[in-house]
Amino acid sequence: MAGMTRRTGKSKEETLIEMSEAGSPSGGEWPEEEPLNNEENNGYHSTLDSGSLQHDDAKVDKQQQSKDSVYFRDGKRRIDFVLSYVEDKDDRKQERRKLYEANMQKAGLELELEDKSESEDGKTFFLKIHAPWEVLATYADVLKIKVPFKVNDIPENREIPVGWLFTPLHLPDHVMHPDPDYFTSSFDSNKHDFFLIEDKETFFPNSTRNRIVYYILSRCPYNKEDKLNKDKRGIKRLLNNGTYTSAFPLHDCRYWVKSRDPNCESERYSLYRYWARFFRFYKEQPLNLVRKYYGEKIGIYFAWLGFYTEMLFYAAVVGLICFIYGVATYDNTVWTKEICDKDIGGEIVMCPLCDKKCGFWKLNSTCNSTWQSHLFDNTATVFFAIFMGIWVTLFLEFWKRRQARLGYEWDLVDFEEEQQRLQLRPEYETKCTSRRLNRVTQEMEPYFPVTSKCARLCLSGATVLFWISLIIASIIGVIAYRLAVFAALASVMKDSPTNKLELVGSLITPQLATSVTASCINFVIIMLLNFLYERVAIWITDMEVPKTHVEYENKLTVKMFLFQFVNYYSSCFYVAFFKGKFVGYPGKYTYMFHISNLRNEECDPGGCLIELTTQLVIVMTGKQVWGNIQEALLPWLKNWWSSRNARSHPESLYSRWEQDYDLQNFSQFGLFYEYLEMVIQFGFITLFVASFPLAPLLALMNNILEVRVDAWKLTTQFRRPVAAKAHSIGAWDEILNLIAVFSVVTNAFIVAFTSDMIPRLVYFYAYHPGTELTMQGYVNNSLSVFKISQISNESTPDPGENPAWFNSSVITTCRYRDYRYPPGHEHEYSHTMQFWHILAAKMAFIIIMEHVVFVVKFFVAWLIPDVPSDVQARVKRERYLVQEYLHNYEVDKLKKQLNQKGEEGQCICPEIAATVKHEVLSECLT
């Protein structure tokens, strides 16, 4: 490279370093505008050299040279990025490409064009980009990329007791640790000899190379310098307006076989062999190799997902034990025996569950649903709810420690400040017309006026509230469906043939059918609203014009999660905290909005907890199954279809860039959706876990598959993403903490108000008959009495709806779930004192449980430091050594300069000579 200049008059963040080639015209000036000829090469190499080769000759050349390579035709310069475009008659697109490619060359990038005749479809041009050492070194300095300068000599003492037991879980050392452990420092282009540079072509990993090239591409303009328009800049805009069809870095080889080129690392093959296969599910993840190949941001995601899955194992084991306890204690529960006993439950006549279409029924008909409810509504439920409150704290605290260790190992300790300072979004730079002085850097920087920012935020907030209101409206619609359909199903299923089925006939009840169908409809609505809102959320986030990439992701994360939270959890909140709570009693039922003829629905005779379990299972499992279909099956089908013609060609003819071009694009939101999926799942297993102890087990099984599915699709079905750095999981960390705190409250309310745990305990200790503590008589005590003759005409069952055994002249009263005085009492149908005792006990339980769990949570959080002590010591030690080695390097450099001047006969200042002598002496002493 002949020279290097920096444009002046611009802020530091938008500066694009220009490099002029020795042979470039006018010393690197912007090219004169000329008509674009498709046969011309615009200064870069092409398959058709100056148009001298004919089309047939190109085919011969294609047969002679293998195209499955990651190098230019000279076999030396590595392809760091590929742009593709289709030839069209749009002169504006041709002009943009010509100027953009010329400006890329001025920035120092080297280009090589593959003509459309070389492509499979005969229409697509591929522009290969190589960043020479001078460009990489310059931008590594600008981006403060950390590189090795000395092998780490600090001994690592992390031996695990009985580590031999985990040998089957380990991967080969060359896969787990592809590079030695180094001390690193920010690259300085003026100190090449300070760093461990053995080979300039391999010094920067491929992920760093494509990150630097993308940084240049995202800021490179596509207009002339004398007509500079800030909107006309960046590869994103060129992709959006169709100038280019794709932009991506290359995979280094085919995933199922190593590259034939000995200079190629074949890291993709190693990832597929040791990581991206389902039968490796029991193996540890090669996170260092993932980070080296895909970058820190993707590496952090898989580290978090793997750690989350490991911690789920403990929650799943405890949840399974609680479920087994429920199965084992079923025969020992007095109240279930009373309900199923024909002499007790069979003699209790219950009031109709709906108006007109529902008849009277006997309590023992709910024997099966009572058994199902006991599996989850038992003493172990309280223990598991408390355990999960502590588990979630341990998970978050241990993840902080794991994240801190990764931050040290991956050189991310000081990354946050660099990210905020250097990674301004190109869209922010182009849309900000105002500039103001930065008081820290004393440079002019883009600035967005406060009035415009407030207006955009208001519009954004109004849009989010509108979509949340749509969710609430859809939930109300589903509730209306439940109310309307239950009465119809109760009438239709009375003599349904399903009742005669031996195994499942007794399980299919109107309540279950209504709950299942409503849950399925709600799931479909959830998926539809998600599909629509995703696009709206991206649009309004773009409209806000966030300043940095981190700010953009955080804003989008908050919008998406707020919507998803309401969308996924609102139906569960309804069943847990509202259904069956505002029903009234037979003589005075409560109706929806007090104006419709839709009576508020009651809980299933077995309780609302079993309905919450049903809702949770359908939404949670349905989302996971559908998510895996979307993530794995659809990309595979698309790739299979797009590459159907090329598969029949020999490997040497199917070029590396065409192979990757046929893969699916990994969008900038790809990782965002992965986090969102897992955080929503995290909410299911924490917010409502008291209703379904097996939720962590289902999540564990899903995540074991999820890790390998995500690895498989990323390695085999998607183009290689542009590497990005991240020191943490970002805003998701705060969201997980909020869910953890909120889950303590929700589980306390579920145990208190949705399950029957507290009423049983109050009866056991305060209202049991006789002197001995017993649960006998609990069922009769929990049901109130109502006089049938007092039921209004609007609620009386229609003729033919009552069962054959019902005789109105003999049966004069019916029972219902509540604590009210019987007919004839002076406080007829008002709440009994027992009702208020139970309510007080519920509130006391909520307060006690919340305080106990919160105290334990905060104590555990205080007890466990966020950063392990050995990591803190190693960070301090490394910083000290970096300063020491930099100091010694500068001293040695100064000595060499002074010695050279002394040999040339120049006078050496005595003060400097004394300083050097002292430094040399002290160095010898140490």
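**Notes on the predicted model**

1. The sulfur of Cys264 has its closest cysteine sulfur in Cys253, at 5.7 Å, which is too far for a bond. The cut-off for a disulfide is a pair of cysteine sulfur atoms within 2.5 Å. Cys264 counts as buried because its relative accessibility is 8%. Please keep in mind throughout that this is a predicted model.

2. How many disulfides does the rule give? The count comes to three.

3. The link of Cys340 and Cys367 is right-handed, with 95 degrees about the S-S bond. This pair links distant parts of the chain, for Cys340 is in helix 11 (residues 334-340) and Cys367 in helix 12 (residues 367-376), 27 residues apart. Cys340 has a relative accessibility of 26% and so counts as partly exposed.

4. Cys351 is joined to Cys814 by a disulfide, with an S to S distance of 1.9 Å. The torsion about the S-S bond of Cys351 and Cys814 is about 85 degrees, so this disulfide is right-handed. Where do the two partners lie? Cys351 is in the loop between strand 10 (349-350) and strand 11 (361-362), while Cys814 is in strand 17 (residues 813-817), so the pair ties together parts that are 463 residues apart in sequence. Both Cys351 and Cys814 are buried.

5. Cys354 and Cys358 also form a disulfide, and their sulfur atoms are 1.7 Å apart. Since the torsion about the S-S bond of Cys354 and Cys358 is about 95 degrees, the disulfide is right-handed. Are the two cysteines buried or exposed? Cys354 counts as buried because its relative accessibility is 6%. Cys358 has a relative accessible area of 5% and is therefore buried.

6. Arg599 deserves attention, as Cys354 is among its contacts. Arg599 lies in the loop between strand 15 (588-589) and helix 19 (608-642). With a relative accessible area of 8%, Arg599 is buried. Leaving aside neighbours within four places in sequence, Arg599 is in contact with several residues, including Pro352, Leu353, Cys354 and Asp355, and also Leu483 and Tyr589. Arg599 and Leu353 are 246 residues apart in sequence, yet their C-alpha atoms are 9.4 Å apart in space.

7. Two packed helices are described by the angle between their axes and the distance between the axes. Helix 8 (residues 267-274) and helix 9 (residues 287-294) pack at an angle of about 145 degrees, and their axes are 10 Å apart. The crossing of helix 8 and helix 9 is left-handed. Which residues meet there? Helix 8 contributes Glu267, Arg268, Ser270 and Leu271, and helix 9 contributes Leu289, Val290, Lys292, Tyr293 and Tyr294. By class, this contact of helix 8 with helix 9 has five nonpolar, one polar and three charged residues.

8. Lys144 has a positive phi of about 55 degrees although it is not a glycine. Lys144 is placed in the loop between helix 3 (133-142) and strand 7 (146-151), and it counts as partly exposed because its relative accessibility is 32%. Asp411, which is not a glycine either, has a positive phi of about 60 degrees. Asp411 is found in the loop between helix 13 (379-409) and helix 14 (415-422). At 16% relative accessibility, Asp411 counts as buried.

9. The note ends with the chain as a whole. The chain has 28 helices and 17 strands. Of its 926 residues, 52% count as buried. Among contacts between residues at least 6 apart in sequence, 77% join residues at least 24 apart. The chain exposes about 44000 Å², and carbon and sulfur atoms supply 59% of that area.

Notes:
Residues numbered from 1 in each chain as written. Predicted model: local features only at pLDDT ≥ 70, side-chain atom pairs only at ≥ 80, totals over all residues. Heavy atoms only, no water. Helix = DSSP H or I, 4+ residues; strand = E, 2+ residues; numbered from the N terminus. Buried < 20%, exposed > 50% of the residue type's maximum accessible area, 1.4 Å probe, protein only. Axes fitted to C-alpha atoms, helices over the stretch in contact; angles between N-to-C directions. Left-handed = near helix turned anticlockwise from the far one by under 90°. Contact = heavy atoms within 4.5 Å. Nonpolar A, V, L, I, M, F, W, Y, C, P; charged D, E, K, R; others polar. Areas by Shrake-Rupley, 256 points an atom, 1.4 Å probe, with all protein chains shown as cover.
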